[in-house]
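Please read the points below with the model open beside you, and check each one against what you see.

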Amino acid sequence: MILATVFVVLIALRLTAAEDLLRESLRASLRASGDYDQRREFQGPLVAAILVFAGIGVLALLHRATRRLRGRRNVALLVAGFASLAMLFLIVLRLASLHAIDALLYGLKLNWVIDLGASLAVMLAAVAYIRIVKSRP
């Protein structure tokens, strides 16, 4: 149910263009305060902090989740959960909008790879989960 809720929220964000609106709102706020030209000074440390905390968080979650992981059904849930986290992480990176990150996300189409790859991983995990549950007596 949590994964379904995450996907409903992601769909709503996409349909309402909330991510674009938030990004433009942040840019307008920086322009109004006169800090837009100096945004690179804090975007770099912000993106570095996002990457460090995301990496630590993923490792901690992975360690915690795999210590007690039993059964193929739970592996499918774990894969879907981490793929959903990848999609949320991608949104945060797009909002930070640092030039170097944008070059990777949009220039190399990493944005599409992560978005479609995570969606495919969730779909395959869901199919595996359904097959496992249906095969039980």
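Among contacts in the protein between residues at least 6 apart in sequence, what percentage join residues at least 24 apart?

1. The answer is 74%, where contact means heavy atoms within 4.5 Å. Before going further, please note that this is a predicted model, in which local features need pLDDT of at least 70 and side-chain atom pairs count only at pLDDT 80 or more, while totals for chains, interfaces and linings use all residues. Residues are numbered from 1 along each chain as its sequence is written, and side-chain values use heavy atoms, with hydrogens and water left out.

2. The protein has six helices and zero strands, so that from the N terminus on its elements run α-α-α-α-α-α; here helices (H or I, at least four residues) and strands (E, at least two) are DSSP runs, numbered from the N terminus.

3. As for overall dimensions, the protein has a radius of gyration of 18 Å, whereas a compact globule of 137 residues would have one near 14 Å. This radius is taken over C-alpha atoms, and the globule rule is 2.2 Å times the number of residues to the power 0.38. Along the principal axes, the C-alpha atoms fill a box of roughly 65 × 30 × 25 Å.

4. Of the 137 residues, 23% are buried, a word that means under 20% relative accessible area, with exposed meaning over 50% and partly exposed in between (1.4 Å probe, protein chains only).

5. The largest nonpolar core has nine residues, including Leu 10, Met 87, Ile 91 and Val 122. Helices α4 (72-96) and α6 (110-135) each supply at least two residues of this core, and its largest share, five residues, comes from α4. Apart from it lies another core, of seven residues, among them Val 47, Ile 50, Leu 90 and Ile 101. Such a core is a set of buried Ala, Val, Leu, Ile, Met, Phe, Trp, Tyr and Cys residues joined through side-chain atoms within 4.5 Å.

6. Ala 76 belongs to the largest nonpolar core and, leaving aside its neighbours within four places in sequence, is in contact with Ala 125 and Tyr 129.

7. Why does Ser 119 count as partly exposed? Ser 119 counts as partly exposed because its relative accessibility is 26%. Its place is in helix α6, and although Ser 119 and Phe 7 are 112 residues apart in sequence, their C-alpha atoms are 9.5 Å apart in space.
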